[in-house]
Amino acid sequence: MIGPCSAMQLLRNWGAALVVACLAAGTTASGAEPSSPDRTAEWEALFQSRAERWSLRPVTSPVIPEVRDGAWAKDAVDRFILSRLEAAGIRPAEPAPPQIWLRRVHVALTGLPPDPETTLTFLRDPSDTARVRIVDRLLASPRFGERWARHWMDLVRFAESYGHEQDYPIANAWRYRDYLIRAFNEDLPYDRFVAEHIAGDLLPAPRHATAGGWNESVVATGFWYLHQATHAPVDLLQDEADRIDNQVDVFSKTFLGLTVSCARCHHHKFDAIAMEDYYGLTAFLRGARQDSAVLDPEGSLGTQAAELEELHARQTPRLRSVVRRAIREGAPRLKDHVLAAERIAAVLSAAGSTHRMDPPPEEVVRAAAAQGLDARTLARWVTALRELKPGDTQHPLASVVSPTQRPPTQKAEAAGAPRPGDQPIAMDPQQGFASGHAFASKPTPPAAWRFVEDQVDFLPAGVLHSGYLAPGFEGTLRTATFTLTEPHLHLRLAGRSGRVKLILARYALREFNPLLFERTQFDVDTGGRFQWFSIPDLKRHLGKSVYLEFLDGGDGDLAIGQVLMSHEATPPPDPPLLPDPGRGDTLESRATALERSVQEGLRRWSRGEDPGPDLGRISWLSRHGLLDWGRQGDTIATLAREHRRVATAVGDPVRALAMTRGNLEPTRVQLRGDPRKPGPEIPPRFPRALSSSRPDGPRCDGGRLELAARVTDPANPLTHRVFVNRIWAHLFGVGLVPSVDNFGALGQDPTHPELLDHLVVSFRQGGGSAKPLIRRLCLTRTFGMSSTPSDPEAERRDPDNTLLHRMRLRRLEGEAIRDSLLAVSGRIDSAMFGPSVLTHFTPFMGDRMWVKNPSGPLDGAGRRTVYQETRRNFLSPFQLAFDLPIPDSTVGQRSVSNVPGQALALMNDPFVRDQARVWSERLLAGPPATPRERIRSLYLEALGRFPDDAETEALLRLVGHRQGEPSKDSEVVEETWTEACHVMFLLKEFRYVP
Amino acid sequence: MLREGALGFGAVALASLLAEDGRSTIRPVRLPTARPKARNIIFLYMDGGVSQVDTFDPKPRLTREDGKPFGLKAEPTQFEDNGAVLGSPWAFRHHGQSGLEISDLFPSLARCADDLCVVRSMVSNFSEHNAANYFLHCGTGMAGRPSMGAWATYGLGSDAADLPGYVVLDGGLTPSGGLDCFGAGFLPATHQASLLRNQSPALANIQPLERVPDLQRLKLDTVRRLDAAGLGSLGRHDALESAIANQELAARMQMSVPDATDITGESAATRRLYGMDAAFEHTRSYGRQCLVARRLVERGVRFIELTCPRAHGNARWDAHGDLRNNHSLNARAVDQPIAGLLSDLKARGLLDETLVLFSGEFGRTPFAQGRDGRDHNPFGFSLWMAGGGVRGGIAHGSTDEYGYKAVENRVEVHDLHATLLHLLGLDHERLTFRFGGRDHRLTDVHGHVVRPILA
């Protein structure tokens with residue numbers, strides 16, 4: 001059961017509602033661990049000794065050390081650093097010059113160089129207060145989130161396509177990137193940030209986006225599905241296991257600094273992680289599903305749906321009494337319509353005429369007037385009869401027109417007559433497997449109805465209907481997971497532009513490519529009639545866990561009558577024929593019978609009963625505007641108008657890549673990592689090394705809320721250590737634990753363990769968010785040191801600078817280089833968020849004619865690199881040259897390579913050259929200036945300092961090299977300055993910050 | 001930590017990387033751990049999967065049972081459109097002193113039979129192109145791991161003074177899975193392949209953009225002067241000195257890359273040898289690639305991969321239908337150029353220290369896909385090697401009577417990798433890189449050197 005400490009933690013994190021929800025829904029885990037290899041005595045002994053590793057021991061609150069040079073230390077951090085240096089007899093480096101500190105802090109916090117005004121102001125007053133002001137301003141800048149989101153994107157292998165052969169897109173991945181930028185800019189507390197990643201779709205009190213108002217918490221869960229994926233995998237179970245493995249790998253490295261995936265085939269070779277820990281984590285993922293979440297901006301869709309629901313309730317009694325009245329008045333006069341229409345149709349056919357019926361032609365208007373009928377309804381009847389093909393036995397009017405024709409059935413059967421080999425698959429949106437508003441309502445009640453384009457549509461009972469309240473809502477309904485025990489599925493469906501998918505082993509690429517899975521997805525366009533659809537021949541998937549998805553993309557509707565899993569390859573036969581009310585010897589007698597039968601059905605409907613056997617036909621007649629309500633027509637039109645007022649302009653939802661809950665599927669250990677060798681069953685569980693002191697808590701919704709609680713539990717020593725260490729690494733170049741993604745035995749030990757724990761404690765006390773910690777670290781004496789050592793002795797005693805006797809030289813990441821080029825040239829467009837700018841293609845990115853790509857602009861529209869598209873098969877060559885990590889798994893520490901390809905890119909990449917031109921044009925368009933003044937501007941803008949005489953002279957020589965040519969030629973002037981600007985980009989100081 | 005300022009291409013740049021990014025525990029193997037038999041590798045990648053039973057693995061039974069139902073249990077296939085047994089349209093003959101059997105698809109190559117070391121018992125783990133490609137190139141079925149060429153340059157550096165150590169000669173078809181097949185994965189970016197196109201400019205960013213030829217020199221002089229002055233404010237750092245040196249190297253590469261790929265100086269006889277006078281344009285273009293490959297070997301490039309030309313549109317060797325036409329066209333494009341490459345290398349004494357590898361990502365089914373195609377088959381396929389350190393004129397291992405599954409002396413892709421590294425003088429179990437918490441290898445936890453094929 002949930003312990004008091006854990007309950008407190010849940011409360012603190014997410015409010016009381018969750019705890020209640022958890023306790024109410026929670027089934028306690030069967031405390032019994034599986035009797036499996038992880039309990040052998042040998043493993044137990046190993047486990048216990050490995051669990052003693054420093055990183056698994058509780059966070060301590062170390063004493064701040066005494067130092068001899070108390071004046072040097074500004075912050076406790078400095079004391080931790082200095083005490084180790086003093087013990088080693090090393091003097092820390094001198095403070096860096098102000099302009100270097102300024103550039104360093106700008107790059108670290110925003111990934112951009114300081115602008116000239118900032119530099120000039122700061123150089124006039126580089127005081128401590130000015131530094132505080134600068135740091136605060138950078139932390140408040142929107143550019144901060146753009147920079148730090150990118151750091152996080154490395155951890156979650158962010159990409160917008162699946163890679164492999166066809167590089168299919170991952171829809172809406174960019175919304176996750178935007179989420180990160182907002183989260184860092186808003187300084188979201190880390191625990192909350194983590195909880196949203198793991199279970200944002202389940203949080204009882206989700207956050208809403210500050211601008212836009214949609215459920216923001218859900219968006220975080222998209223990170224789970226940013227993995228690569230291949231279409232048409234021949235071994236589907238292996239493919240699924242590999243995808244889940246990647247999810248576990250990314251999850252455990254990112255949040256816990258643990259390599260849990262190393263325990264996929266055997267217990268971890270070095271850490272206290274058993275195979276059961278690995279498969280326990282996969283069990284959480286088997287209780288979840290990939291979703292294109294339908295998010296409600298500002299809650300407007302929800303409001304609209306509620307309004308429609310309320311309107312429907314109000315209109316139902318009114319409509320019933322109107323229909324009752326209409327029947328009393330003799331409506332609908334089907335016999336008269338049929339006879340008149342048949343006469344006109346015969347005349348038109350004889351004349352070979354293809355008259356249009358809208359507006360009603362002369363003869364129709366005349367006939368209608370003669371009989372007191374509505375001309376437009378009559379015109380529709382004429383059309384209906386003329387369109388009826390002689391052999392169309394399915395047509396609802398077939399038996400009326402032709403005495404020999406029997407309609408196959410008259411019921412609006414949403415369900416077939418079950419056979420012994422058929423198993424119904426239950427569906428209940430109330431179980432929570434629906435997303436969006438389309439399937440939000442319950443199954444239809446008896447005598448259900450709706451408006452379709454101002455006509456009443458009569459619906460069968462017990463149907464899940466995405467257009468029940470109004471067309472235009474988007475949504476997805478999913479069944480519970482079930483095991484395929486029979487090879488065929490039969491679905492009784494009606495709809496327009498609906499889509500159905502059978503999800504096998506979480507395979508999500510069927511929508512792009514039918515190979516091997518052709519029949520597992522189909523579209524439903526029945527014109528409103530219920531029909532059988534089949535997904536046959538699933539024999540080779542027997543035994544797999546599957547579920548069905550029903551999708552309404554907002555441009556139609558989808559009604560689900562029945563789903564059967566069956567031994568039979570064909571759907572059940574239609575129910576036995578009922579006596580046909582339309583039969584008789586003459587057209588008149590058949591039409592009269594039809595009229596009586598329809599009126600009887602409507603009478604029952606108006607009493608709130610099921611209309612009986614003729615519902616299908618009534619519904620069809622009504623939808624096609626063939627029921628003339630006589631004098632009550634106006635009232636019905638009024639009701640329809642009322643409905644239309646609310647139902648039109650259903651807003652567009654926001655779609656986001658997300659995780660959504662499913663039901664827990666039995667998960668088994670896969671012996672030697674082979675999905676075909678199932679071992680003991682395993683419940684969802686958190687790695688034992690991190691929960692040994694606590695019993696398993698309650699679980700609800702696949703357990704991810706519990707998982708989130710375990711990850712953020714302060715008793716878990718890893719989560720905050722890992723995050724605080726990541727921040728340190730981004731600011732100082734190397735983590736206090738250099739192996740930032742691995743706190744296990746193959747990782748490196750912390751260089752300053754006490755400092756790490758000190759920072760964790762203060763991080764927690766400060767509310768557990770990043771900005772206060774970053775602020776504090778940027779203002780330390782340590783961060784302000786020069787990267788040049790103060791004495792040669794320091795380098796000898798601490799050659800790898802592990803004690804941090806000086807700051808580290810940093811090369812800008814590829815993104816920071818490109819963004820700096822744009823910032824300095826002035827081309828930068830600081831617009832935030834939104835779909836990514838398309839990749840710019842060059843002839844050097846591989847030519848694969850079957851992957852069609854429109855190319856984006858050379859300069860990426862001036863947007864920051866974080867907004868440029870990340871396609872796995874077409875990663876930016878420029879970024880790759882500067883060590884963009886391949887989006888495969890977590891990369892907390894990038895390589896920093898040093899290769900001629902980087903120089904070649906800066907020398908000859910047309911983009912770089914182009915930015916030099918943009919910069920020179922801006923420079924020359926400014927106020928007139930001497931070459932010397934311009935060179936000062938170049939240095940100030942690109943490097944945040946002024947040139948010395950030698951530097952000025954060198955550049956003067958370059959810009960003066962074409963002096964022989966006519967100097968008035970503005971083109972020559974611009975070209976020479978373009979060369980000078982380009983030279984600035986090539987300087988090492990442009991991409992290295994000391 | 002490295003103190004000298006003079007910097008080569010691979011080794012030293014890497015050393016400075018290690019110094020600067022703080023992961024000082026990473027130590028590349030650097031030196032060969034065994035006596036190397038090959039200095040360079042040329043990988044003739046046969047995109048899409050060559051049919052073993054139509055090329056290097058004769059199966060008379062297929063001819064006998066042509067059109068009859070397949071006698072063994074068929075594993076799931078990519079297209080699930082399995083037909084009857086399909087006999088090979090090509091005859092096999094014995095060639096050379098060794099009598100090695102090769103089909104009539106490769107008349108020129110057949111003359112080099114005594115140099116070929118055919119492995120007939122290859123198996124892969126994947127039936128899909130992309131996963132199988134990643135596996136063949138990088139040792140795992142997913143993208144993001146270092147490619148063979150990256151491991152080779154990581155382990156040995158490059159002997160090329162001013163060329164990249166790992167080059168892909170782009171014949172026109174990028175493999176399924178994209179450039180990730182040639183990536184450095186978690187290894188430093190310096191080890192990723194440079195893709196050289198079959199036209200000018202061959203390499204991205206290799207062509208100066210300056211309008212006047214001398215202008216770039218003037219600019220780079222200015223840069224050097226300013227960098228030197230800037231060191232005053234930056235301080236002395238290895239990384240900066242490497243970057244400065246790399247600037248110079250980059251400038252030289254603007255000359256050396258076009259020079260390496262420029263074949264105008266090659267004699268007419270040499271061009272003919274490579275099929276550059278052939279009627280079929282794809283023979284000519286592949287001939288040019290093979291010739292450039294030899295020039296790169298001469299310049300010390302460690303690992304060279306050739307991708308396929310569009311001999312049969314986009315189909316590569318991937319003959320899901322129309323096998324006869326598909327394999328004829330593909331073989332026609334590569335046969336003479338490869339034979340030319342082998343004999344030219346031999347004539348110049350380079351074949352002894354160059355390993356040539358010919359392989360696709362898997363083989364093809366002995367039964368038909370539809371009527372006249374063959375589906376993917378990872379359960380048994382053929383490849384061959386020639387040159388540096390392998391025995392010529394032999395066929396190692398065998399498949400069953402249908403050529404469907406490897407049955408004798410199975411060779412896994414990991415074993416191939418272990419063997420390639422061994423020939424380069426590297427121990428595949430000791431060539432490791434610490435990433436994400438564990439020591440990674442090209443061969444993961446698998447792989448055995450295939451001893452019987454070693455010379």
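What follows is a quick chat about the two chains, from overall layout down to single residues.

Me: What kind of model is this?
Reply: It is a predicted model.

Me: OK, chain A. How many helices and strands are in it?
Reply: Chain A has 34 helices and 19 strands.

Me: And what box do the C-alpha atoms of chain A fill?
Reply: Roughly 115 × 90 × 50 Å, taken along the principal axes.

Me: How much of chain A counts as buried?
Reply: 55% of its 994 residues.

Me: Which domains is chain A divided into?
Reply: There are domain 1 (61–140 + 769–804), domain 2 (300–405 + 581–647), domain 3 (422–574) and domain 4 (910–993).

Me: What separates the centres of domain 1 and domain 2 of chain A?
Reply: The distance is 82 Å, taken over C-alpha atoms.

Me: Contacts next. Of those in chain A between residues at least 6 apart in sequence, how many join residues at least 24 apart?
Reply: 74% of them do.

Me: Let's look at helix packing. At what angle do H23 and H24 of chain A pack?
Reply: About 100°. H23(A) covers residues 717–732, and H24(A) covers residues 753–765. Their axes are 9 Å apart. The two helices are therefore roughly perpendicular to each other.

Me: Which residues make that contact?
Reply: H23(A) brings A:His720, A:Arg721, A:Val724 and A:Asn725. H24(A) brings A:Leu756, A:Leu759, A:Val760, A:Phe763 and A:Arg764. By class, the contact of H23(A) with H24(A) has five nonpolar, two polar and two charged residues.

Me: And at what angle do H19 and H20 of chain A cross?
Reply: At roughly 95°, with axes that come within 10 Å. H19(A) spans residues 587–606, and H20(A) spans residues 615–623. So H19(A) and H20(A) are roughly perpendicular to each other.

Me: Which residues meet there?
Reply: A:Val598, A:Gly601 and A:Leu602 sit on the H19(A) side. They meet A:Leu615, A:Arg617, A:Ile618 and A:Leu621 in H20(A). By class, the contact of H19(A) with H20(A) has five nonpolar, one polar and one charged residues.

Me: Switching topic. How many residues of chain B are in contact with chain A?
Reply: 70 residues of chain B are in contact with 79 residues of chain A.

Me: Which elements of chain B give two or more residues to that side?
Reply: They are helix H1 (11–21), helix H3 (129–138), strand S7 (194–197), helix H5 (213–234) and helix H6 (238–261) of chain B. H5(B) gives the largest share, eleven residues.

Me: How do the residues on chain B's side divide by class?
Reply: The side of chain B that touches chain A has 28 nonpolar, 31 polar and eleven charged residues.

Me: Now strand S14 of chain B. Why is it largely enclosed?
Reply: Seven of its seven residues, 381–387, are buried, so S14(B) is largely enclosed by the rest of the structure.

Me: Which strands does S14(B) pair with?
Reply: Strand S5 of chain B (residues 116–123) pairs with S14(B) in the antiparallel sense over five bridges. Strand S10 of chain B (residues 354–359) also runs antiparallel to S14(B), joined by four bridges.

Me: What stands opposite B:Trp384?
Reply: B:Val118 does. B:Phe358 is also a bridge partner of B:Trp384.

Me: Let's stay in S10(B). Is B:Ser359 buried or exposed?
Reply: B:Ser359 lies in strand S10 of chain B. It counts as buried, because it has 23 C-beta neighbours inside 10 Å.

Me: What does B:Ser359 touch?
Reply: Not counting residues up to four places away in sequence, B:Ser359 touches B:Met46, B:Leu136 and B:Leu383.

Me: Last topic, backbone details. Which peptide bonds are cis?
Reply: One of them runs from A:Ala331 to A:Pro332, with omega near -10°. A:Pro332 lies in the loop between helix H14 (300–328) and helix H15 (334–350) of chain A. Another runs from B:Ser200 to B:Pro201, with omega near -5°. B:Pro201 lies in the loop between S7 and H5 of chain B.

Me: What about phi of A:Asp167?
Reply: A:Asp167 has a positive phi of about 55°, although it is not a glycine. A:Asp167 is in the loop between helix H8 (142–155) and helix H9 (173–185) of chain A. With 22 C-beta neighbours inside 10 Å, A:Asp167 counts as buried.

Me: And A:Asp454?
Reply: Phi of A:Asp454 is also positive, near 70°. A:Asp454 is in the loop between strand S5 (448–452) and strand S6 (455–459) of chain A. A:Asp454 is partly exposed, with 13 other C-beta atoms within 10 Å.

Notes
Residues are numbered from 1 along each chain as its sequence is written. Chains are lettered from A and ligands numbered from 1 in the order in which they are written. This is a predicted model: local features need pLDDT of at least 70, side-chain atom pairs count only at pLDDT 80 or more; totals for chains, interfaces and linings use all residues. Axes are lines fitted to C-alpha atoms, for helices over the stretch in contact, and angles run from 0 to 180 degrees between N-to-C directions. Angles under 35 degrees count as roughly parallel, over 145 as roughly antiparallel, 65 to 115 as roughly perpendicular and the rest as oblique. Two residues are in contact if their C-beta atoms, placed from the backbone, lie within 7 Å. Ala, Val, Leu, Ile, Met, Phe, Trp, Tyr, Cys and Pro count as nonpolar, Asp, Glu, Lys and Arg as charged, and the others, Gly among them, as polar. Domain bounds come from an automatic or database domain assignment. A residue is buried if 20 or more other C-beta atoms lie within 10 Å of its own, exposed if 12 or fewer, and partly exposed in between; C-beta atoms are placed from the backbone. Two strands pair if DSSP finds at least two bridges between them.
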